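This briefing concerns the structure shown below.

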Amino acid sequence: MLMEGMAYFSSVKPVLLKTDALIFMLLAVIIAFGAYARGKAYLRAPWRKVFSSRTGMVAAVVIVFYGTVALLDSIHMREPLENKGHDGETFYSVEVISLLDLMLGPLKTQVEKTYSAPFATHLYAKETVELPDGSSARLYPRLEYGGAHLEDPQRDKGRDILLRSLSGAGAGLLAWVALGALFIWGMARRARASFSVTLKQILGGRTAIPWHMMLYTAGVFLVLIAVIASLAGHYHIFGTDKVGNDVLYQAIKSIRTALVIGTLTTLVMLPFALLFGIMAGYLRGWVDDVIQYLYTTLNSIPGILLIASAILMLQVYIDTHPDLFETDAARADMRLLFLCIILGVTSWTGLCRLLRGETMKMRAAEFVQAASAFGVRHSRIMSRHLLPNVMHIVLITVVLDFSGLVLAEAILSYVGVGVDPSMHSWGNMINGARLEMARDPMVWWSLLAAFVFMFILVLAANLFSDAVRDAFDPRTLSR
Amino acid sequence: MSDILLSVRGLSTHFQTQGGLVRAVDEVSFDIRRGETFALLGESGCGKSMTSLSIMRLVPEPAGRIVSGEIRLDGENLMDLPEAGMRRIRGNRIAMIFQEPMTSLNPVLTIGDQIGETVRQHRRLNGAGARNVVLELLDAVGIPDPRQRYEEYPHQLSGGMKQRVMIAIALAGEPDLLIADEPTTALDVTIQAQVLALLGDLQKQTGMAVLLITHDLGVVAGMADTVAVMYAGQIIEKGGKEAFYHAPQHPYSRKLFASLPDVNKRGHRLAVIHGAVPSLARDFRGCRFAERCDAAWDLCHQRAPQWYRSGDGQEVRCHLLDPALAAQRPAGGAPDLPAEPQAHAGAAHAPASLLEVEDIKVHFPIRKGLLKRTVGHVYAVDGVSLRIGRGKTVALVGESGCGKTTIGKAILQLIRPTAGSVRFEGDELTRLRGEALRRRRSDFQIIFQDPFSSMNPRMMIDEIIQEGMVALGIEKDARRRQARVAELLEQVGLPREARHRYPHEFSGGQRQRICIARTLAVQPKLIICDEPTSALDISVQAQILNLLKQLQNELGLSYLFITHNLSVVGYLADEVAVMYLGRVVEYGTVEDVLEQPRHPYTQALLSAIPVIDQATRREVIRLEGDLPSPSSPPSGCHFHTRCPHAMPVCGQRYPGSTSLSATHRTHCFLYDGSAE
């Protein structure tokens, strides 16, 4: 099995999309910041407060699950084709797949003819079918994959779903207990305490970080995932869309799109906001005037028009230069990256304004005056004295903005200026659902799936940002 | 009706904080008689304000809690009252005014509305009746033109006026007891004198009792009938004012007096109470002052002292006064050490002046409108000349808003002067730009007023002290720089280990020491001290003043000492410049200015300072009104609008400089022969 896996991965051609590279860079930055923050008491203290917040940590576990999915979905590759070229050269499939696709396996490949409801065994539309006796009739045909193993769907479906869910839940529970025990064992070793003492401490909630809440959340997720995994191979849990694709698969694939938009946009916007905000607030004078005029102007342009025009122009460019992109995935990825950039360019003004105000307040502080009396250079005053003292604002804004950006993506895709139509995203799913909701009988599951997935992420992000704000906002520090 | 209005017995208020249980008020007992002024004296963090909030039952819950004790107002225990009953007491029977008049008033309501609110609440009046009462109150607290002020908003009033409005609100309920929590700390001395006089007059008229909370021994001397000294959550001494000032009994009280700077203590070290007020979060076994007390012996650390009565009728909590222990006490424990003389470096330095400031002006443009056109100027500094000799201290004295701090920053070129010249060792600083100025920066440095905001909270002490050295390239070698930091910390009396900590881990006095170390790191010749001790407690102030004096003697530093505290000036300075509205009105040696003030403003300023020794008290020259705005100073002599000796000529032109002696000069027509 292991050998097979090794052989498979050595045969594929790894593909590094631009957004993949940026995501891994961001991950590296976050890890580096974590290592840096460990050494600084003033950074460690508020983070410890975040880690001790229950809702914050439950939300963090949820975000970690989403993040893991997005990371798995960011390792891309192309499979080799069977038929080789005449000089033994290997050709690779034009379709770019990710590690996540491999793991989801059947979800991706089990394509029905058209719409089918969640857990359905028959199609959602009548078709003319030729019966064995030669006559034809209009009826709901059986699905190719959904519940195909059942003899008599009417009789067996409920029992089968229940049994599979139970066995899935059991497996999930087992996995949770095993992983939890491993974790507690690790904690016990670190604390040089016995296993049972650590277990009691953690389950009793007597630790500084609410590990028990995190374990429970992880448990819920593991059981859910196991149940879904045991059902997904045999049913379409969230039904199928117009061309028979599994909706659950689309919703899961959309996670990466949402997280890319939410995080990379921040990466694009931060340099603008930090540099311009601090410069305007500290240097004042004509620099301040120029920056103020710049962001006032940018703010007066309706954001959606700016984004629409930029995206449409890019689309024209992509269409006229097909030779620049090796695969469809690379084209879609280019558009996603560009969307992040244009969203970043339009959204730095808010943070910039906040930072300018805070810097203006800070530059009158005596420690800044003392530094200038020492002849410390402007660049160092800005980077060493002002930046660390406005960082809490940056952090709070970034975390708060994240959920807004995820929602913005959905709205932009709905309007038609979001990500590439071929790319899975909740916005595209909602856009598609526009027509489905209007038909009769109504197709509601695409919308529901997008809604549930987006809702959980945005809720978790908001709860987490609340915890971050409580810990970092100086006005709440004294309490 | 008994003589006692308010009786507090065994009051304890505790706070639950992250650092543990804080016993902010611990078993405090005292009585306030009708019509008397009872002063609660103590340094910051000793539980004075919490005592007053406990009396009002306004302790912020749930963090704080009154744990035990009773508070009887006319025999009625306030602790038994329900919250609704307490509302009847607050405002009606006990009223309160706070330190910060700026934040105690609601900025979106007019003055009349805010006083009227209390009048309607407590006197059940409405409409015209209420309005009349408000106007009467405004008149009673000495606000001119009450009808117009009635309609104005708090931002249109000055600090002193706002405090008067606060007093008017407090008086609206005709209280029996007025709690004044540092009522004048945020005000200038001349305004402070006005407000204190007002409180005294009102007390005479209405016969209310005043609980005065303050840290200022001078204010207490002028106002109080009875004094109680608080230390670390407890009252440690109480008694009549006369007896207290004549012979304070507790070692702490004595030290407080000894650590006050004064012109008579020039050339001597001030007595200091070493260390700082202990944290109230810890457990105390013995006397709370034992650690800082020179007279302490074993018993003081083991057993808390009881109350003992001294000869003059003072009650003191100290083992020294226990008659049963008199024999046991170690001999020679005389607590009152004479101020030790300080070695004087002498006037070995060349008399050449280090800094010459000539006719310096700093005008800030006021811009308005879309195109930011300049519509006027704030004349923050308007033609000031100074001269500081090597190893000398020049004090710059004046009320807030007179431009003292601006001069300091203009000399450092942190604010570029509009006109005039600043010559440092012959170099014209106003003409230096960029790199040339940066290279000279190590010669002149500044120490700020607020030690809390003058250090970057995100940097370690090590980095803070090194910053100047690195920026100015004073010590290139990192290892040697480290050694220098340790050396500097020891020089200012801090342990070497301090360098690996962050500023918030230090107390105010310690932070000010770090700031001094930071300036010393670049080996300056001139240090501008911008009110370096005004944010500190009295006992800590003495430590810092001693340190500054010692450094001057050792290193031959020159100081420009910016302050409003004239007793510090008398102790430390060689020459004094008195400023009023951007201009120096009188300049001379300390003896000239403090002993023979000639300008009417200097005279008024000196007379307004509350003094401890009532025998030397000058007659207070009451100045009317407030400091005019520096954006539209009065024509002629700026002071003529408030001057008791104003003549017609004063309103027409600014008086020239008149030399009274070789070292003493002033700007006043009273001494100007050309005035006639």
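Which domains does the domain assignment of chain B give? It gives domain 1 (248-325) and domain 2 (353-675), with bounds that come from an automatic or database domain assignment. The model is predicted: local features need pLDDT of at least 70, side-chain atom pairs count only at pLDDT 80 or more, and totals for chains, interfaces and linings use all residues. Residues are numbered from 1 along each chain as its sequence is written, while chains are lettered from A and ligands numbered from 1 in the order in which they are written.

**Domains of chain B**
- The centres of domain 1 and domain 2 of chain B, taken over C-alpha atoms, are 34 Å apart.
- Contact (C-beta atoms, placed from the backbone, within 7 Å) links 15 residues of domain 1 of chain B with 16 residues of domain 2 of chain B.
- On the domain 1 side, nine residues are nonpolar, one is polar and five are charged; nonpolar means Ala, Val, Leu, Ile, Met, Phe, Trp, Tyr, Cys and Pro, charged means Asp, Glu, Lys and Arg, and the others, Gly among them, are polar.

**Contact between chains**
- Chain B places 20 residues in contact with 16 residues of chain A.
- Strand S18 (444-447) and helix H15 (461-471) of chain B each supply at least two residues of this side, and H15(B) gives the most, with three. Helices (H or I, at least four residues) and strands (E, at least two) are DSSP runs, numbered from the N terminus.
- The side of chain B that touches chain A comprises ten nonpolar, five polar and five charged residues.

**Strand S6 of chain B**
- In S6(B) (residues 94-97), Ile94(B) and Met96(B) on one side and Ala95(B) and Ile97(B) on the other are all buried, that is, 20 or more other C-beta atoms, placed from the backbone, lie within 10 Å of their own.
- S6(B) pairs with S7(B) (residues 177-181) in the parallel sense over four bridges; pairing requires at least two DSSP bridges.
- Ala95(B) has Leu178(B) of S7(B) as its bridge partner.

Methods:
Two residues are in contact if their C-beta atoms, placed from the backbone, lie within 7 Å. A residue is buried if 20 or more other C-beta atoms lie within 10 Å of its own, exposed if 12 or fewer, and partly exposed in between; C-beta atoms are placed from the backbone.
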